[in-house]
Structures are given as structure tokens and as C-alpha cells.
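Hi everyone, thanks for coming. I'd like to walk you through one structure today, going from the overall picture down to a single residue.

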Amino acid sequence: MKDIRRKRVAEILASGSALAGETVDVKGWVRTRRGNKNVQFIALNDGSTIKNLQIVLDLSRFSEEELKPVTTGSSIHVQGKLVESQGKGQSVEVQADELEIYGTASPEEYPLQKKGHSLEFLREKAHLRPRTNTFGAVLRIRHALAFAIHKFFNDKGFYYFHTPLITASDCEGAGAMFQVTTLDPENLPRTEEGKVDYSRDFFGKHASLTVSGQLEGELGATALGNIYTFGPTFRAENSNTPRHLSEFWMIEPEMAFYEIKDNMDLAEEFIKYCVSYALEHCADDIQFLNDMFDKELIERLKFVIHNDFVRLPYTEGVRILEESGRKFEFPVYWGVDLASEHERYLVEEHFKKPVILTDYPKEIKAFYMKLNDDGKTVRAMDVLFPKIGEIIGGSQREEDYDKLMGRIEELHIPMKDMWWYLDTRRFGTVPHSGFGLGFERLVLFVTGMQNIRDVIPFPRYPGNCEF
Ligand code: 4AD
Ligand code: MG
């Protein structure tokens with residue numbers, strides 16, 4: 001092999017005929033090999049783009065014996081001249097001079113043969129599925145969205161604030177936390193009352209994996225002004241749905257001096273930015289998913305960018321649902337925690353637009369939300385999306401010490417773990433707001449995939465911790 005710099009397939013295809021005549025060096029995995037006794041064609045993919053690079057092998061230069069191990073899934077290194085392609089489907093191709101085989105993939109054993117596989121089958125092969133067109137596309141889009149999120153906030157002067165993953169407080173108060181302990185479950189230390197003695201545990205107290213970085217995010221916002229978190233969160237709810245994971249990534253901006261309207265404006269601008277970014281930077285991958293799985297995907301993405309979100313109080317939303325005449329699986333009444341079918345009715349059938357629902361009954365929302373003057377509702381905001389339902393949950397926070405204490409007492413939240421949070425309200429308290437975007441729900445929306453387990457490389461859900 002000659003000593004020339006390797007090019008990624010994306011780079012070669014982007015340069016197109018400008019590189020024609022040059023000798024190129026490429027490495028990747030064989031998607032297919034076909035041909036006849038005179039010439040063989042390899043579709044080579046290296047993960048840099050959904051597109052394959054065609055490698056042409058003249059059988060006067062390469063023996064059939066030599067090419068035998070070059071099967072679907074094998075990995076190779078090729079050098080050859082880039083030429084304009086005669087065939088249709090590609091503008092350029094490589095006429096191979098040299099071929100090196102890194103690794104074979106036995107056709108009898110390699111599970112990703114040419115025929116299309118169901119997403120369910122691929123979920124059982126999650127260690128290999130990134131090599132498929134579909135998952136390559138999804139994972140490149142996922143990357144682009146993560147990058148867009150950092151760019152959006154950085155450009156706006158928000159600071160990326162790292163909140164802990166191990167915590168002793170339950171932000172959402174739902175009790176759906178995974179415990180973190182080094183105690184021996186076969187031999188637990190006990191207090192005199194017979195309870196587990198967590199004072200003898202690793203942290204000297206009962207600890208869990210976080211369900212949200214918000215409470216610590218508020219500490220950041222009330223010092224740095226505007227912050228965001230972007231990290232893994234964990235929920236031990238037994239939710240076996242296409243929209244829930246046990247481990248998911250959440251983005252939580254938190255802003256001092258923002259009221260609920262500022263919070264809604266930011267959420268809307270943020271989502272539109274992310275969707276536009278993906279449309280602009282992942283055009284090939286989105287087009288592929290549009291053609292393969294969801295013919296309305298691109299239309300839906302553009303629709304979200306170009307329309308204002310509807311803003312509506314919960315009370316009015318419930319009235320619309322009650323008057324819809326629709327028979328829902330779960331009944332609707334004022335005070336109910338809306339189910340996905342209710343949210344999707346409002347978005348997909350009634351308004352046909354994304355909806356920001358606000359001012360929910362305090363009973364169905366977390367303790368930290370700002371109480372409205374009616375004493376019954378809180379300044380919450382959920383952003384509801386077509387196909388997804390809730391994509392963002394957020395609120396203005398209760399900044400008044402006494403009112404916040406009132407809620408903490410009503411809900412019997414253990415005070416000993418909350419003293420530091422309350423200090424934000426004791427010292428220089430300010431109006432502030434924030435929200436959480438479920439990253440995988442955003443990726444679901446942008447890719448048009450149906451199941452959240454297919455938009456994260458290695459999903460965690462009840463009964464599954466493989467890979
Ligand atoms: O509505 P949630 O529970 O809100 C919070 O955690 C707040 N502390 C956020 C904040 O105000 N800073 O979760 C926020 C979002 C949801 O809207 C949803 O998109 C996503 O996180 N989410 C999940 N995504 C995947 N799997 C799960 N089990 C999820 N639970 C919530
Ligand atoms: Mg929520």
C-alpha cells in the first residue's frame with residue numbers, strides 16, 4: 001500500500017468529480033459485493049455518511065480466491081483511482097489497485113445480511129445495529145442534535161453546568177429512583193428499630209441515581225444567571241411504553257429572572273432551532289428515514305419550524321377534551337394527569353400544531369412549581385408534540401420561601417435533604433424558571449422512529465440491561 005492519507009467516504013462523495021483522477025485511500029465495512037466473472041462491485045460504508053462508495057475490482061487484477069473473504073460485514077482497506085462513474089446511483093467510484101482485508105464476517109454467522117431486518121430483531125442485535133443504514137442515520141442525527149443543543153445555549157451565553165448523577169434528593173417526588181449502595185444485601189446493617197442503617201452505607205446516607213438535575217441547576221442559575229445541564233437521568237418506573245426509558249438523557253436549562261412566558265419563548269425557540277439544525281446538517285439521513293419509514297417526516301419537521309405553538313391553560317385543554325365527544329381509554333376530568341392519548345388529541349386532531357399547556361392543578365405537579373393566585377394551579381408548562389405527546393416539562397419556580405415550605409410540608413418531603421435548596425429562597429431569592437427536554441423524545445421526533453428504544457445506542461428498560 002502507498003503512504004497516502006485516508007479519506008472518509010463522506011469527504012470523497014462531497015468533493016465528487018473534483019477529486020477524479022486522484023488515487024484515494026479508503027477503509028470501511030462491506031455492505032454488499034456483486035458482479036460477474038470480469039468485474040466485481042463492492043458497496044463500502046465507513047459510517048461517515050448513509051451513502052456507500054462503490055469500489056470496482058477488475059478480475060484481471062484480483063483473483064476470485066482473493067475476493068472470497070470479502071463478504072457483507074467484512075472490513076477492508078482499498079487504494080485506487082477515483083473516476084467518474086458510468087453506472088447510475090453514484091457520481092464517482094474507485095477503481096481498486098490494492099486491497100487489504102482486515103477482518104472477515106462469516107456469511108453463515110454474521111446477522112446483518114443484505115435483507116432488511118425488523119427493528120425488533122435489530123434491538124436484540126444492538127451491539128451490531130449501528131452498522132445498518134437505519135441506525136447509522138439515527139445515530140448521526142442524534143449526534144447532530146447533541147451538538148446543536150450545546151451550540152444553541154453557548155451562543156446565547158448559557159453555561160453548561162454539571163449536576164451530580166448520585167444524589168440524596170428526589171426532585172420529581174415520584175419515588176421512582178434507583179438506589180446506589182455498597183451495602184451487602186445478604187447482610188444489611190440494621191438500626192435499633194430494625195430499619196436498614198444507611199448511616200453505615202458508602203455515603204453515610206441513603207443515595208440514589210438522579211431523576212433530574214434541576215434542583216442543583218437552580219443553584220447554578222441563581223449564581224451564573226443562565227445555565228443548562230445535559231446528562232443522563234434515571235427513572236425506575238415500570239413503564240413499558242414506546243416513549244419511556246429507564247436511562248435517558250435530559251437537557252435542563254434554568255434561568256434567573258425568567259417568568260413563565262420567557263420560559264415558553266425559550267422552549268419554542270430551542271426546539272425549532274434543533275429541528276432546523278438537523279434538517280440542514282442531516283439532510284441525507286433524514287431523507288433516508290423519510291423514504292424508508294415515514295413519508296410525512298420532513299413535512300412534519302418543517303411544519304413545526306414554521307408554525308407558532310399554541311399556548312393554552314390546562315383548564316381549557318380539559319374543556320376541549322370533554323367537549324370533543326371522543327371516547328378516550330382513560331376518562332378526562334379537571335384534575336386528571338393527562339394521558340398520551342389526550343395530549344395527542346389536542347395536538348394532532350384539535351389544533352394540528354404543537355401545544356404548550358400551562359397552569360396545571362398543583363396536585364399533579366412537583367412541589368417546586370410556582371403557585372398561581374387561584375391557589376389551585378401552578379405555573380407549569382408542558383410542550384406537547386405530534387406523535388410524541390410530552391416532549392418538554394417545565395415551570396416557573398416558587399421563589400417565595402414560605403409558600404415553598406408550605407408545599408414541602410403538605411407533601412411530606414423530608415426536610416433534612418432539602419436545606420441547601422431552601423437556601424436559594426433564603427438568600428437573594430429571584431423569580432426563575434426552567435424546563436427539561438427529554439433528549440430521546442427529541443431524537444424520536446426528528447428521526448420519525450416509532451420506539452424510543454431505537455434512538456439510543458443501548459436502551460435500558462424494565463427487564464433489559466444487555467450490552
Ligand atoms: O416532566 P419531567 O419529569 O420534568 C422534570 O424532570 C423537571 N425536573 C424538568 C425541569 O423543569 N428542569 O421530565 C422532563 C422531560 C419530559 O418532558 C420527557 O420529555 C422526558 O423528560 N422524560 C423521559 N424521557 C424518556 N424516558 C422517560 N422515562 C422520561 N421521563 C421523562
Ligand atoms: Mg413531565
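**From the whole chain to one serine**

The protein chain exposes about 22600 Å² of surface, and carbon and sulfur atoms supply 50% of that. Please keep in mind that what you see is a predicted model. The C-alpha trace spans about 85 × 55 × 45 Å along its principal axes. In terms of secondary structure, we have 13 helices and 16 strands. Of the 467 residues, 51% count as buried. If you take the contacts with a separation of 6 or more, 66% of them come from residues 24 or more positions apart. As for charge, there are 58 positive and 72 negative side chains, and the centres of these two sets lie 5 Å apart.

Let's go inside. In soluble globular proteins, nonpolar side chains tend to be buried together. Here, the largest nonpolar core has 65 residues, and the members that touch the most others are Ile-286, Ile-391 and Val-446. Which helix gives this core its largest share? That would be helix α6, residues 260–281, with 11 residues. Setting aside residues up to four places away in sequence, Val-446 touches Ile-141, Leu-145, Val-275, Ala-278, Ile-286, Leu-297 and Leu-301. There is also another core, apart from the largest one, with 34 residues, and among them are Phe-367, Leu-384, Leu-404 and Leu-422.

Now to the sheets. Eight strands form an open sheet with mixed pairing, and if you want to trace the order, it goes β6-β10-β11-β16-β15-β14-β13-β12. At the edges are β6 and β12, the latter being 310–313, and each of these pairs on one side only.

Let's walk in from the β6 end. Strand β6, residues 159–160, runs parallel to β10, and two bridges join them. Within that pairing, Tyr-160 stands opposite Tyr-228 of β10. How many residues of strand β10 are buried? Nine of its nine, across residues 226–234, so the strand is mostly covered by the under 20% relative accessible area cut-off. On to the next neighbour: β10 and strand β11, residues 247–256, run antiparallel and are joined by nine bridges. There, Asn-226 has Met-255 in β11 as its bridge partner. Strand β16, residues 432–438, runs antiparallel to β11, with five bridges between the two.

There is a three-strand sheet to look at as well. This open sheet has the order β7-β9-β8 with antiparallel pairing. Its edge strands are β7 (166–167) and β8 (179–180), each pairing on one side only. Two bridges link β8 to β9, residues 207–209, and Val-180 stands opposite Ala-207 in β9.

Last stop, Ser-48. You'll find Ser-48 in the loop between β2 (39–45) and β3 (53–58).

Technical notes:
Residues numbered from 1 in each chain as written. Chains lettered and ligands numbered in written order. Predicted model: local features only at pLDDT ≥ 70, side-chain atom pairs only at ≥ 80, totals over all residues. Heavy atoms only, no water. Helix = DSSP H or I, 4+ residues; strand = E, 2+ residues; numbered from the N terminus. Buried < 20%, exposed > 50% of the residue type's maximum accessible area, 1.4 Å probe, protein only. Contact = heavy atoms within 4.5 Å. Areas by Shrake-Rupley, 256 points an atom, 1.4 Å probe, with all protein chains shown as cover. Lys, Arg positive; Asp, Glu negative; His and termini not counted. Charge placed at Lys NZ, Arg CZ, Asp CG, Glu CD. Core = buried A, V, L, I, M, F, W, Y, C linked by side-chain atoms within 4.5 Å. Pairing = 2+ DSSP bridges.
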